[in-house]
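Hi,

Here is the model I promised to pass on.

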Amino acid sequence: MNISTQQTAPPSVPPPPRAEQKRAARGATRPGDRIFLGLSRGSGILVLAIMAAIAAFLTYRTVLALSENEANFFTSFEWNPSGNPPEFGIAVLVYGTVVSSIIAMIIAVPISVGIALFITHYAPRKLGGPIAYVIDLLAAVPSIVYGLWGALVLVPNMAGLYGWLNDYLGWTGILEWNGGAARSLFTVGVLLALMILPIITSVSREVFRQAPQMHQEAALALGATRWEVIRMSVLPFGRSGVISASMLGLGRALGETMAVAMVLSPSFDINASLLDPGGGTFAQNIASKFNEATVTGRDALIASGLVLFVITLLVNGGARLIIARRKEYSGANA
């Protein structure tokens with residue numbers, strides 16, 4: 001008689017409850033980890049608290065200003081908070097800030113991307129290193145130095161470019177020049193482009209360096225040229241990073257103060273041509289009028305600062321959303 005023996009499996013042990021797992025994990029955590037976790041969490045909460053306090057202060061002073069304003073805050077071209085009655089609006093400031101920033105982005109982004117690609121994929125190491133070092137140094141130049149250079153060098157030498165734009169593009173009306181001083185939004189945009197160029201270049205350069213090397217080598221092995229490798233492998237990988245770098249540069253362009261104040265000839269008018277003197281930006285208006293402003297005038301300037309604060313938050317939030325869409329934007333996958 002055959003007796004078949006069956007091996008019985010050991011009884012399965014039920015997993016410990018989730019609460020016990022959490023207690024065990026907490027018990028296994030080292031004291032240094034707990035301290036670091038607390039400091040990190042506290043730092044994050046502190047930043048949020050500071051941002052909330054700033055927003056609350058700006059909102060409170062804005063309510064005080066708008067309660068005394070007799071003009072439409074968003075559409076009025078008037079800025080006379082010390083008048084009787086006070087009248088002020090931000091239409092000119094919104095236009096000047098947005099237009100000068102767009103001009104800066106149109107000029108700076110293509111040049112920055114070209115410099116970053118040249119440093120990472122074309123220039124030899126002995127040449128690319130010094131160029132990258134000089135570009136990084138430009139980001140550390142104070143705004144007042146850019147402003148002095150813009151007022152003493154850039155403005156007097158813009159007549160040739162203005163004349164060329166008037167000859168070939170003056171028929172559009174947007175780039176028509178009547179021979180006035182080059183203290184216009186276009187000059188401000190050129191100066192801002194020089195100021196944000198190092199930021200966009202540095203970030204774009206690091207993004208392009210993280211492009212997967214295997215993809216580039218595979219494209220070269222298939223007979224692709226260097227430009228085809230960049231177009232098919234490097235640029236698609238770094239697209240979100242370049243956009244995020246552009247948003248960082250845009251954030252600085254929106255809030256630039258001293259350089260704009262030293263170059264622009266402010267006036268509360270919106271000119272059809274970008275080459276005509278006049279206009280204004282949020283930061284320039286606050287810097288130039290804050291010291292001599294009355295109580296209502298300071299509240300009005302703070303109200304305009306709240307608008308700039310919201311615009312800057314939207315720009316930074318947009319940059320974060322763009323990064324989140326590409327989770328592979330990480331050196332771990334390079």
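Below is what I found, going from the overall layout to single residues.

A word on the ground rules. This is a predicted model, so local features need pLDDT of at least 70 and side-chain atom pairs count only at pLDDT 80 or more, while totals for chains, interfaces and linings use all residues. Residues are numbered from 1 along each chain as its sequence is written, and side-chain values use heavy atoms, with hydrogens and water left out.

**Overall layout**

The protein has 12 helices and 2 strands; helices (H or I, at least four residues) and strands (E, at least two) are DSSP runs, numbered from the N terminus. Along the sequence the order is α-α-β-β-α-α-α-α-α-α-α-α-α-α. Of the 334 residues, 38% are buried, where buried means under 20% relative accessible area, exposed over 50% and partly exposed in between (1.4 Å probe, protein chains only). Taking contacts with a separation of 6 or more, 73% come from residues 24 or more positions apart; contact here means heavy atoms within 4.5 Å.

**The strands and the cis proline**

Asn84 and Pro85 are joined by a cis peptide bond, with omega at about 5°. For context, most peptide bonds are trans. Pro85 sits in the loop between strand S1 (79–80) and strand S2 (87–88).

Phe88 is in strand S2 and is buried, at a relative accessible area of 0%. Between Phe88 and Phe74, 14 residues apart in sequence, the C-alpha distance is 9.0 Å.

**H3 against H9**

Helix H3 (residues 91–122) packs on helix H9 (residues 226–255) at an angle of about 140°, and the axes are 9 Å apart. Axes are lines fitted to C-alpha atoms, for helices over the stretch in contact, and the angles run from 0 to 180 degrees between N-to-C directions. The crossing of H3 and H9 is right-handed: a crossing gets that label if the near helix is turned clockwise from the far one by less than a right angle, and left-handed if anticlockwise.

On the H3 side the contact involves Thr97, Ser101, Met105, Val109, Val113, Leu117, His121 and Tyr122, and among their partners in H9 are Arg226, Ile230, Val234 and Leu250. By class, that contact has 13 nonpolar, 4 polar and 1 charged residues (Ala, Val, Leu, Ile, Met, Phe, Trp, Tyr, Cys and Pro count as nonpolar, Asp, Glu, Lys and Arg as charged, and the others, Gly among them, as polar).

His121 of H3 is worth a click. With a relative accessible area of 16%, His121 is buried. Beyond four places in sequence, His121 is in contact with Phe208, Gln216, Arg226, Ile230 and Val234.

Helix H4 (residues 125–138) and helix H7 (residues 185–209) pack at about 135°, with 8 Å between their axes. That makes H4 oblique to H7 (under 35 degrees counts as roughly parallel, over 145 as roughly antiparallel, 65 to 115 as roughly perpendicular and the rest as oblique). Their crossing is left-handed. Ala132, Ile135, Asp136 and Leu138 of H4 meet Leu197, Pro198, Thr201, Ser202 and Arg205 of H7, giving 5 nonpolar, 2 polar and 2 charged residues.

Thr201, in H7, is buried at a relative accessible area of 0%. Apart from neighbours within four places in sequence, Thr201 is in contact with Ser112, Ile115, Ala116 and Ile135.

In helix H5 (residues 143–154), the buried residues are Tyr146, Gly147, Gly150, Ala151 and Leu154. Viewed down the axis of H5, they fall within an arc of 125°, so they line one face of the helix; the arc is that of the directions from the helix axis to the C-beta atoms. These buried residues of H5 pack against H4, H7 and helix H10 (258–263).

Finally, Ala182 lies in the loop between helix H6 (159–169) and H7, yet counts as buried at 7% relative accessibility. Setting aside neighbours within four places in sequence, Ala182 is in contact with Val155, Met158, Tyr162 and Thr187. The C-alpha atoms of Ala182 and Tyr162, 20 residues apart in sequence, are 7.9 Å apart in space.

Cheers
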